[in-house]
Amino acid sequence: MKFPIYLDNHSTTPMDPRVLESMLPYFTEKFGNSASRNHAFGWEAEEGVETARKQIAKLIHADAKEIVFTSGATESDNLALKGVAEMYHEKGDHIITSSTEHRAVLDTAKALEAKRGIKVTYLPVDKFGMVNPEDVRNAITDKTILISIMFANNEIGTINPIKEIGKIAKEKGILFHCDATQGMGKVPIDVQDLGIDLMSFSAHKIYGPKGVGALYVRKKNPRVRIAAQMDGGGHERGMRSGTLPVPLIVGFGRACELCEQEMAADAARLSVMRDRLHANITSALEEVYLNGHPTQRLPHNLNISFAYVEGESLLMGCKEIALSSGSACTSATLEPSYVLRALGVGAELAHSSIRFGLGRFTLDEEVDYAGKRIIEVVTKLREMSPLYEMAKEGIDLKSVSWAAH
Amino acid sequence: MAYSEKVVDHFNNPRNVGSFKKEEDGVGTGIVGAPECGDVMKLQIKVQNDTIVDAKFKTFGCGSAIASSSLATEWLKGKTVDEAGKIKNTDIVQELNLPPVKIHCSVLAEDAIKAALADYKKKEDGKETVK
């Protein structure tokens, strides 16, 4: 086994060597600008880009012309929300989204509220982190121009009822944007079947390169228009100017092609591994709580809280394993995970949460090792925890008047 | 963020983890922090003839919080009650080389020391009134 072990695949994934191989010629001999229309270098680069566009479109059942390349999902989210708000401002000024969206959507929505006077409804989620489609329906007003709901959550892996939401959007004639960064390439996504009009995703979450993503923009039924957020050469059908990063795009395409071929097998293998990890931990430790939905979740995600143990110290105790925590101490904001808080998870359990993200290259022995180490470290830290001691003495921690600081 | 060597050492080999019986003679107990803030420290001292002869801690918190309380127990041992009251959070920051975001861990450790000393004094004062 090689150390450190990487179990943080929601954050990013290692690039598949087959992806790298597809990219290499485009750095050197096929270096042309895909927008150069009058020589072989440009044609060759363009061919690479168009092949990739087809590979990407195929994975989500879209048309190649509906793929707009961006720098990543954050830019795609920005382009979708800001582009729709600007293009359809005469139609309305209301956007519906949810409280557990990625910051790229939430902060964009907040910027639109502050700078453009857009009104935003942030829908709550249930205790599993799921948006209720009826809440979406009830939030719609005659001023609503966009519904933006994520496919699957990046922390807890809960998959939203996208098809139902898509149906409501269509019925009401409102555009539906879906941030599918975490679900793309992991579970089947069909934009036709799901009724998605705009969809954001990126390459580096699916074993492709960092620095490239895409926004799917529906061309018919309805034909979606967005206002470009960057002025320039009018690339990508005028929606996103800037010379295309051809090698990255070629890799993105190859990554999608591999996902299409291997997604089902990867998902089956990883969900078995994930379930075994969960079972190993819960059989050895008491007071372990699953965060997110028990079944409607990404196959490679496990998010659990270990009562009485703080998340950052747990990560520090098993430094040879790359994991992520919802603890405030691991976040830039010094607040515990807003996603877990939105589910109604108490702050103390949010501080105690660990996210496991398995991936295509995760081995059985790595997952089993991680489970064993987590159990050891939680046991050690609980022995050191005054809260565990108090709970063992039968003190109800909620009855203690703590001095919050 | 990389941890300083001393923080890692205290985290991996915490000194004086454990508990005294709160009601035991000469024991002062300080519990500070809150679970929802992500850190709670319990620090206890055992005093004989005005000198701290033993100290123990239990901490729920990040590595720096655990290291700060572990270090505090080491420093407390052998000090008189008055000397112990002079330990400052800045001393802990310096010794453990804590980054700015972790300064609150040292503040919490200082608070825990003060709370344990206050608890000890309160118990002693109570004894005198009984006499």
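Reader: Which residue in β13(A) is the bridge partner of A:I304?

Author: The bridge partner of A:I304 is A:I354. This is a predicted model, where local features need pLDDT of at least 70, side-chain atom pairs count only at pLDDT 80 or more, and totals for chains, interfaces and linings use all residues. Residues are numbered from 1 along each chain as its sequence is written, and chains are lettered from A and ligands numbered from 1 in the order in which they are written.

Reader: How many bridges join β10(A) to β13?

Author: Five, and the two strands run antiparallel, with β13 covering residues 353-357 of chain A. Strands (E, at least two residues) and helices (H or I, at least four) are DSSP runs, numbered from the N terminus. Two strands pair if DSSP finds at least two bridges between them.

Reader: What is the strand order in that sheet?

Author: β9-β10-β13-β12 of chain A, an open sheet of four strands with antiparallel pairing. β9 (288-290) and β12 (324-325) are at the edges with a single partner strand each, so one side of each has no neighbour in the sheet.

Reader: Which helix lies across β9, β10 and β13?

Author: α8(A), at about 15° to β10(A). Axes here are lines fitted to C-alpha atoms, for helices over the stretch in contact, and angles run from 0 to 180 degrees between N-to-C directions.

Reader: Domains next. What is the assignment for chain A?

Author: Domain 1 is 5-9 + 263-381 and domain 2 is 17-258. The bounds come from an automatic or database domain assignment. The centres of the two domains, taken over C-alpha atoms, are separated by 28 Å.

Reader: How many residues of each domain are in contact?

Author: 20 residues of domain 1 of chain A touch 21 residues of domain 2 of chain A, contact being C-beta atoms, placed from the backbone, within 7 Å. On the domain 1 side, α8 (246-284), β10 (301-306) and α10 (338-342) of chain A each supply at least two residues. That side has seven nonpolar, ten polar and three charged residues. Ala, Val, Leu, Ile, Met, Phe, Trp, Tyr, Cys and Pro count as nonpolar, Asp, Glu, Lys and Arg as charged, and the others, Gly among them, as polar.

Reader: Is A:G157 buried or exposed?

Author: Buried, because A:G157 has 27 C-beta neighbours inside 10 Å. The cut-offs are 20 or more other C-beta atoms within 10 Å for buried, 12 or fewer for exposed, and partly exposed in between. A:G157 lies in the loop between β5 (144-148) and α6 (162-172) of chain A. Not counting residues up to four places away in sequence, its contacts include A:G292, A:R297 and A:N303.

Reader: Which residues have a positive phi without being glycine?

Author: A:R237, at about 55°, and A:Y308, at about 75°, are among them. A:R237 is in the loop between β8 and α8 of chain A and is exposed, with 12 other C-beta atoms within 10 Å. A:Y308 is in the loop between β10 and α9 (311-317) of chain A and counts as buried, with 24 C-beta neighbours inside 10 Å.

Reader: Where are the cis peptide bonds?

Author: One joins A:F3 and A:P4, with omega about -5°. Another runs from A:N221 to A:P222, with omega near -5°. A:P4 is in the segment before β1 (5-6) of chain A, and A:P222 is in the loop between β8 (213-217) and α8 of chain A.

Technical notes. Contact = placed C-beta atoms within 7 Å.
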